[in-house]
Amino acid sequence: MLYIAAHGGFAGQPVALGGGAAVCNLLLAEWARTRPFPCELIGPSILGAGAPSGQDLIAYGESSYAQFCVDFRRAATAEALRHDPARTVILCNDVSEGPDFARLAAAGFRMVTIYHVDVVAYVAAIYGRDWIRPETAIRLYSAAKRWLPGPLRGMASLIFDQQEQSLRHSRAAVVPSGAMRDVMLRCYPWLGAERIHVLPWGVAEENWTEAEVKAETALLRREFGVPAEAHVLLTLSRISPEKGQDLLLDALRDWERRPDFPSRPLWLFLCGDAAYMQGQRFLQRLRSLAGGLRRTRVVFPGYVTGLRKRAFFSLADVYVFPSRHESYGLTLLEALRNGLPAVCLEHHGAQSVMRDEFGYVVKASGLRAAIARILSDDAERARMSRAAAAYASEKSFARSAAQLAALLHSFGDRLRNP
């Protein structure tokens, strides 16, 4: 099995590459343990001396990132073509950053593509500000693409043409939610529903002991000076406009002006690093918004992982997931597994994961009230914490990895255990 992943090969590096990279790392680790088939990763290192580091990738602007997509597509396709299509199944971890789907299909390769994000729906939501539906965006692009100037046409092709080609030429598309499947079927009426497989990822097991987590949590309290009586809010994602951290800061600014603002200290940890395209500009905006708060302590700890991330979950009272657009949300499920009630905005990720017994799914205008409601009742928050942990404990990444391996086997009768 060839695993083509433009963000693959950076496991263990403290780089905010996003959910696609996280899933890639977890799948490779799980399959190294269970050995369902021989697996070879085709990642950015295929570009040789010109290969970007993880830090390079998250610092790229739109044009630089588009050029990386083109370069990686060419190199990954050439490397895949060195293999025997009769004995090889290809798993694609990306769409815009994916290979030349048509060329590989013409060569006889069987492909399965993981959709961590519906790229067209993302562009319609973030750049189009939800003014147009993704299926309308596809029609507009089809009508206008011949008139677009060269650089813009190239970038638009990476979004619209690559997505269509991936769906036309993949034997199966793997998506994390039924809502994403439904949008795809609206956008591509010729696509049979049987080719879209809904596979929520679940949560990977951790090996930290209770004593280790307790000690690391105590270190965090001392490092930042968090009072024992403080309410602690937590977000954990890359710093980027679609993640909506600005909406949370706006909600807290509104709350500070109201009489129901808590008398106990309120702290917010915005964990994550600036990433991709607009990340640095957005981080500056978040710092400016945070500087305008007078009764809330806002901390930017940067990218966190491992035991330190686990300790932040332990430190917090509520997990806030304010993304404008989210296909699934691995960190949301991690927060739930660690017993955190959650407040989320309305998006596919929240709809596929959240339940009333452990949190709220609201519009941006409802963030303040939802957070206030959870923090106002300690007994109810404790009940929600137990419900969140019980629910998420049943969502196993190992089980999802096994299901994906079985799907790959169904398209590759010559895949064998090494």
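In what order do the six strands of the open sheet lie, and is the pairing parallel or antiparallel? The order is β9-β8-β7-β10-β11-β12, and the pairing is parallel.

## Basis of the description

The model is predicted, so local features need pLDDT of at least 70 and side-chain atom pairs count only at pLDDT 80 or more, while totals for chains, interfaces and linings use all residues. Residues are numbered from 1 along each chain as its sequence is written, and side-chain values use heavy atoms, with hydrogens and water left out.

## The parallel sheet

Helices (H or I, at least four residues) and strands (E, at least two) are DSSP runs numbered from the N terminus. Two strands pair if DSSP finds at least two bridges between them. The open sheet is made of six strands, and its edge strands, β9 (296-302) and β12 (359-362), each pair on one side only. Neighbouring strands are turned by 20 degrees against each other on average, direction ignored. Axes here are lines fitted to C-alpha atoms, for helices over the stretch in contact, and angles run from 0 to 180 degrees between N-to-C directions.

Strand β11 (residues 342-345) pairs with β12 in the parallel sense over four bridges; Ala342 has Gly359 of β12 as its bridge partner. Three bridges join β11 to β10, again in parallel, and Phe321 has Cys344 of β11 as its bridge partner. From β11, Ala342 and Cys344 point one way and Val343 and Leu345 the other way, and all are buried (under 20% relative accessible area; exposed is over 50% and partly exposed in between, with a 1.4 Å probe and protein chains only).

Helix α12 (residues 306-315) lies across β7 (231-236), β8 (266-271), β9 and β10 (318-321), and runs at about 140 degrees to β7. Contact means heavy atoms within 4.5 Å.

## Nonpolar cores

A nonpolar core is a set of buried Ala, Val, Leu, Ile, Met, Phe, Trp, Tyr and Cys residues joined through side-chain atoms within 4.5 Å. The largest core has 60 residues, of which Leu27, Trp31, Trp201, Phe269, Tyr319, Leu336 and Leu404 touch the most other members. Helix α17 (residues 397-410) gives the most to this core, with six residues.

Leu404 touches Leu27, Trp31, Leu91, Ile114, Val174, Leu199 and Trp201, not counting residues up to four places away in sequence.

## Helix packing

Helices α3 (residues 62-80) and α7 (residues 150-169) pack at an angle of about 55 degrees, their axes 9 Å apart. That makes α3 oblique to α7, since angles under 35 degrees count as roughly parallel, over 145 as roughly antiparallel, 65 to 115 as roughly perpendicular and the rest as oblique. Glu62, Ser63, Ala66, Cys69, Val70 and Arg73 of α3 make the contact with Met155, Leu158 and Gln162 of α7.

The axes of α6 (residues 134-144) and α8 (residues 178-187) come within 8 Å and cross at roughly 35 degrees. Pro134, Glu135 and Ile138 in α6 meet Val183, Arg186 and Cys187 in α8.

## Two partly exposed residues

Ala78 lies in helix α3 and is partly exposed, with a relative accessible area of 41%. Ala78 and Ile46 are 32 residues apart in sequence and 9.8 Å apart in space, C-alpha to C-alpha.

Arg35 is placed in the loop between α1 (19-34) and β2 (40-42). Its phi is near 50 degrees, a positive value in a residue other than glycine. Arg35 is partly exposed, with a relative accessible area of 46%.
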